[in-house]
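Student: Could we go through this structure together? I would like to see how its descriptions follow from the values.

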Amino acid sequence: MASTRMDTAQLTRLLGDWSALSRRLADALADAVIDLVDAGVLAPGVELPPQRDLSTALGVSRGTVTMAAQILESRGYLEARRGSGARIRVGAEHASHVGQGRFLSFTDTPADVIDLSSGALPATQVTREVLATPVSGEIDAYLDTDGYFPAGLPSLRQAIADHLSADGMPTKPTEVLVTTGGQQALDLALRLATEPGDLILVEEPTYRGALETAQAWDARVEGVPMARGGIDAELVARAIHRKPVALYCQTSIHNPTGQSMHQADRRALADTVNRAGLLTIEDCSSYEITLSGRPTQSLAGLVEPDLLITVGTLSKLFWGGLRVGWIRTDEARVRALLELRKSRDLASAVPSQLWAVRLLARAEEARRQRRDVLTERLRAAESVLAEYFPDWTWEPIVGGSGLWIDTHHDALAISEVARRAKVKLAAGPNFSVYGGQRGMLRLPVWHETELLHRALQAVSGGLSPRR
């Protein structure tokens, strides 16, 4: 993956009064860098300045900087390569620290911090009603079994197949693999499709969870710019000569931009994929979270079935705590995915799957609830943004839970100011293969208006003397 070098002066500003964080200088410096990574200010792939330059700028010995780098490397936050410097690394290795990069917002963000870094949605009213009713009646039939259904309960595989078929993705139950959430679905798909060192094409920008998964697998990732709401199909065609093994894309509702690919462009992309025989992983996690209430189209039916893996989740429509995702692909690949899954977990929980069957029966109702809430909250969020940041701009979204905002300033610096004001933001470089998108922020719109007021007022107050 390509990296972007952080300017020494800029990193020094971002670190602030780092030496006050703890007694030993090396620990203090390492902790300060970790805070910047966990806050999304230092993005994956960013190359740190040379140790000699950094020690001079910070007024400490080179030994202190070297020791801090060793601490960061031992915790999995830094990857040092001989002759090519050290860069920020984000992946599973972060388990040794309480912060978990992208997943921090899903775990232990301090109670006094306003977290605007995640687009994850609270449960719909439908979900609250369904989960209030026990599944004891349905579960009795499974209690005499071992409880392990690696491909998913037959009833849920059927329900997902019916749900997707009704949305224009003709699917048989045998073409469905139930997973423990959408992230596991994506992880399995990428691991099946690639080996370490393989080249994967993705949108630029793209879903940051996909970037982290690809990086953890040591794949090479190339970002392809977007055009008209989706990945530029012409540039994908030009990239084929570099022999990518897979394409990861979101042509329905794109995360983080909230856009949807035009159907003519989707067909052009499918033509390229079919001609090249390029395995394509399409992420449809948000395909039905639209402001119109109607699901968007996908590559299903356009790309040859043996070249397409579609991944998705019930988290967006219903609730992330359900932990139910899915993979849709041909039957032979489902069997291969099952073998791969055995090394990670044996099966998803039976009660969650039984609740998922009930929830899918009320999908249309849940879609209306999501549409109504997001439409109302979007209007309110845009009003608050206009009040505190009138120079920020964004394109109208088709769906999803957030705005992709052009701040026309350095979003990393804005995120750092926000962090000090106890507001957590997701800056553009988190979504970039190259640490780019420097002026962009992704802001979730579903929060209560009063909370957005407090958060953006705090950020605005922190920025006022600087702008």
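This is a predicted model: local features need pLDDT of at least 70, side-chain atom pairs count only at pLDDT 80 or more; totals for chains, interfaces and linings use all residues.

Student: Which residues make the contact?

Tutor: Helix 15 contributes Ile414, Val417 and Ala418, while helix 16 brings in Val459, Gly462 and Leu463. By class, 5 are nonpolar, 1 is polar and none is charged. Gly counts as polar, so Gly462 is the polar one.

Student: What makes helix 9 largely enclosed by the rest of the structure?

Tutor: Buried means under 20% relative accessible area, and 8 of the 9 residues of helix 9 (residues 208-216) are buried, so the description holds. Among them are Arg208, Glu212 and Gln215. The buried residues of helix 9 pack against helix 8 (182-193) and strands 7, 8, 10 and 16.

Student: Nice! And which residues have the most contacts inside the largest nonpolar core?

Tutor: Those are Leu15, Leu42, Leu269 and Phe318, in a core of 112 residues. Its largest share, 9 residues, comes from helix 2 (residues 25-38). A second, separate core has 27 residues, including Ala210 and Ala214, both buried residues of helix 9.

How values were computed:
Residues are numbered from 1 along each chain as its sequence is written. Side-chain values use heavy atoms; hydrogens and water are left out. A nonpolar core is a set of buried Ala, Val, Leu, Ile, Met, Phe, Trp, Tyr and Cys residues joined through side-chain atoms within 4.5 Å. Buried means under 20% relative accessible area, exposed over 50%, partly exposed in between (1.4 Å probe, protein chains only). Helices (H or I, at least four residues) and strands (E, at least two) are DSSP runs, numbered from the N terminus. Contact means heavy atoms within 4.5 Å.
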